[in-house]
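Please keep the viewer at hand as you read.

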Amino acid sequence: MAMIMELDGRSEFINKDLLKKFLQSTNHLSHTQASAVAEIFQYKELSKNEFLLKEGQIADEYFFLYEGFLRAFANNVKGNDITTQFYGPRQPVFEVTSFFRRCRSIENIQAITPCLGWYITYAQLNELFHTIPQFREFGRSVLVSGFSDLKSRMLHMITETAEQRYNALLMSNPEIIKYASLKHIASYLGITDTS
């Protein structure tokens with residue numbers, strides 16, 4: 001399904017091809033299945049600084065980011081916000097613990113640029129898990145990949161210097177440097193913004 005959206009005064013043609021490619025990325029869903037699943041996703045826009053999720057809410061949206069950048073963060077014991085993740089185009093965005101355990105989030109997810117994408121709710125996702133075994137395998141693959149990335153990030157925080165972590169961020173996500181503040185990048189890397 002294609003959509004014509006009005007963005008910042010310009011007309012933008014948006015279709016779900018990238019979403020379908022993401023759904024087929026693990027090779028569990030056929031083209032037909034990916035197309036059927038993609039039709040369930042609903043379009044969503046976020047303005048710069050708008051929250052996809054706020055601390056204290058229960059995450060109910062599995063969001064596929066088509067365009068834009070988001071930042072996840074939590075407040076430490078001193079009240080400082082610490083960036084836990086950056087999200088860019090073609091990534092799923094959701095707070096996994098709150099979403100699957102149905103508990104209040106301690107994390108926030110906020111747009112650092114205007115964002116466009118599609119989402120499905122927790123209930124819709126579970127319905128797909130129960131009715132399409134291949135979608136369940138797709139979901140498992142995405143979660144395993146996310147867990148692996150998180151584990152790697154934890155190990156890099158211990159085994160690499162700040163400079164190595166910064167260079168790795170530049171290599172893996174060079175666009176984020178254009179949109180995120182130095183303070184947010186520094187907190188993500190576990191260093192001071194002065195460093």
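By class, 20 nonpolar, 13 polar and 7 charged residues make up the lining of the largest pocket. Here Ala, Val, Leu, Ile, Met, Phe, Trp, Tyr, Cys and Pro count as nonpolar, Asp, Glu, Lys and Arg as charged, and the others, Gly among them, as polar. This is a predicted model, in which local features need pLDDT of at least 70 and side-chain atom pairs pLDDT 80 or more, while totals for chains, interfaces and linings use all residues. Residues are numbered from 1 along each chain as its sequence is written, and side-chain values use heavy atoms, without hydrogens and water.

The volume of this largest pocket is about 1,400 Å³. Of its 40 lining residues, Gln85, Tyr87, Gly146, Asp149 and Leu150 are the closest to the centre. A pocket is an open set of points on a 1 Å grid where a 1.4 Å probe fits, with protein on both sides within 12 Å along at least five of seven lines; lining residues have an atom within 4 Å of a point. The volume is the space filled by probe spheres set on the points, which are joined across faces, edges and corners. Helix α5 gives the most to this lining, with 12 residues. Helices (H or I, at least four residues) and strands (E, at least two) are DSSP runs, numbered from the N terminus.

The arc in the table is that of the directions from the helix axis to the C-beta atoms.

| α2 | Ala34, Ser35, Val37, Ala38 | 165 degrees |

Which residues have the most contacts inside the largest nonpolar core? They are Leu23, Leu70 and Phe135, in a core of 38 residues. Such a core joins buried Ala, Val, Leu, Ile, Met, Phe, Trp, Tyr and Cys residues through side-chain atoms within 4.5 Å. Apart from it lies another core of 9 residues, including Phe69 and Tyr188.

Notes
Buried < 20%, exposed > 50% of the residue type's maximum accessible area, 1.4 Å probe, protein only.
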